[in-house]
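Please consider the following model from its helix packing through to its loops. The explanation moves from pairs of helices to the nonpolar cores, and then to individual residues.

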Amino acid sequence: MKKKKKINTKTKNTIPILYWCSRNMSFWSSISFNLAVLMNLLVAFFYPLEGVRGGTLEPHLSALLWMAMLVSLAIVIVLPQPHGIRALIASTILRLIFSVGLEPTLLLLGAFNLCNKVIFLMSFVGNRGTFTRGYKAMILDVEFLYHLLYLIICTLGVFVHVFFYSLLLFDLVYREETLLNVIKSVTRNGRSIVLTAVLALILVYLFSIVGYIFFKDDFILAVDRIPNKTLGMLKYSGVCQKENGENCSAEDKERTCDSLLMCIVTVLSHGLRSGGGVGDVLRKPSKEEPLFAARVIYDLLFFFMVIIIVLNLIFGVIIDTFADLRSEKQKKEEILKTTCFICGLERDKFDNKTVTFEEHIKVEHNMWHYLFFIVLVKVKDSTEYTGPESYVAEMIREHNLDWFPRMRAMSLVSSDADGEQNEIRNLQEKLESTMKLVSNLSGQLTELKEQMTEQRKQKQRIGLLGHPQHMNVNPQQPA
């Protein structure tokens, strides 16, 4: 980011055009791709171009075309939208085709695409700082070399032949990740595929030797010769004739295994391309021939070992690799959708919480806010750091990411704390109610004890009063 800021500041002050180009790099790339598709459509439908000339339109059609151009131009000036730009380009190209012809129009489109690619390359250099890193870095930059090759192909298409424009369509592979995975499915396990292909070549070589030794006479293939004088044939009014005047058929047969090299070429070419193996193109033997059983075994072994096993091994490696790449892509997309980039917590951790996962990644752990904070720490004077900024700056210098809240979030901590406080509050309420109940029971027990003590005293008092020795009356004194 510092390098880009330095490059942009320098180009903005010294080369304003380069600064303007570097700000619109994706726009130039889109124009190049659309022009490549358009030029290839014109070449595919109207080649050879010499037979297509600019025609004359009727006055009302010509006026309608001019009106479409002006309306599209007005829409682009007032409200620059992609659809308006496309309409303006389409009407302009139609006007050029009918005015100057298809070949000059294609030449103009190629020249415009070449200039556009030069502008794109300037913007690419401005953004990446390719030249500022030295020639070695420039040569090792694969992306820069790709765009340079694209520019060379555009140049060849303008000055050499229009068929070079077809190579520009491979830019779709560079632009689409799905097509890149298709290419990677072959290149990732390239070693396995190459070794399996080597095994197939070894088997073809062995079957060629066996065919050369035992079945040389069976390698007779039908060929379609081109009638010409060098082959001793002449063609008059559609009838093929030899020099001696005899008729000859356009289809002829020839031996293709008189040498081991020709056997290898035949088995490799026709054997791998045939669904049933090399036996599909060889002579059909009779069951009365002595080598009939050997020929059946030869054809079946080639079919099972080369066609079924080896070729399916190659196809299986490619298909499995593509499936693995697709699974990795889906897994990455799933992680990006369901996992916080900052803390690493998954979506299910925020279910039934006060903060949803979307609010968490947009407000609480917004990754762009973290990036802005890192940029602030890098551009701010160290003498003006606050406590957290000093801590983060030190961690950044040490390339330590411990300051990131890994597997933590304030919303989850607060919700957990609230839950604990609620549980403690409930326990306190239950404890208070229990204490009140215990105090009530204690009071009632105390009252009960006092009542029992009072009753016991009264009983004792009544008992003392009813005993004779405690009475003041003399029993012998008459009443």
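A crossing of two helices is called left-handed if the near helix is turned anticlockwise from the far one by less than a right angle, and right-handed if clockwise. Helices (H or I, at least four residues) and strands (E, at least two) are DSSP runs, numbered from the N terminus. The model is a predicted one, in which local features need pLDDT of at least 70 and side-chain atom pairs count only at pLDDT 80 or more, while totals for chains, interfaces and linings use all residues. Residues are numbered from 1 along each chain as its sequence is written, and side-chain values use heavy atoms, with hydrogens and water left out.

The protein contains 17 helices and four strands. Of its 479 residues, 27% count as buried, where buried means under 20% relative accessible area, exposed over 50%, and partly exposed in between (1.4 Å probe, protein chains only). Contact means heavy atoms within 4.5 Å. Among contacts between residues at least 6 apart in sequence, 64% join residues at least 24 apart.

Two helix pairs illustrate the packing. Axes are lines fitted to C-alpha atoms, for helices over the stretch in contact, and angles run from 0 to 180 degrees between N-to-C directions. Helix α10 (residues 177-187) packs against helix α13 (residues 292-338) at an angle of about 140°, and their axes are 8 Å apart. This makes α10 oblique to α13; angles under 35 degrees count as roughly parallel, over 145 as roughly antiparallel, 65 to 115 as roughly perpendicular and the rest as oblique. The crossing of α10 and α13 is right-handed. Residues of α10 in the contact include Asn181 and Val182, and those of α13 include Phe322 and Leu325. By class, the residues of this contact are five nonpolar, four polar and three charged. Here Ala, Val, Leu, Ile, Met, Phe, Trp, Tyr, Cys and Pro count as nonpolar, Asp, Glu, Lys and Arg as charged, and the others, Gly among them, as polar.

In the second pair, helix α11 (residues 190-214) and helix α12 (residues 260-273) pack at about 125°, with axes 9 Å apart, and are therefore oblique to each other. Their crossing is right-handed. The contact of α11 with α12 has eleven nonpolar residues, one polar residue and no charged residues.

In soluble globular proteins, nonpolar side chains tend to be buried together. A nonpolar core is a set of buried Ala, Val, Leu, Ile, Met, Phe, Trp, Tyr and Cys residues joined through side-chain atoms within 4.5 Å. The largest such core has 27 residues, and Met39, Leu106 and Leu168 are among those with the most contacts inside it. Elements giving two or more residues to this core include α3 (25-46) and α8 (142-159), while α6 gives the most, with eight residues. Leucine 168 touches residues including Ala36, Met39 and Tyr150.

Serine 32 lies in helix α3 and counts as buried at 1% relative accessibility. Leaving aside residues up to four places away in sequence, serine 32 touches Asn113, Asn116, Lys117 and Tyr150.

Most residues other than glycine have a negative phi. Histidine 399, however, has a positive phi near 55°. Histidine 399 lies in the loop between α16 (387-397) and α17 (410-465) and is exposed, with a relative accessible area of 73%. Methionine 407 is found in the loop between α16 and α17 and has a positive phi of about 60°.
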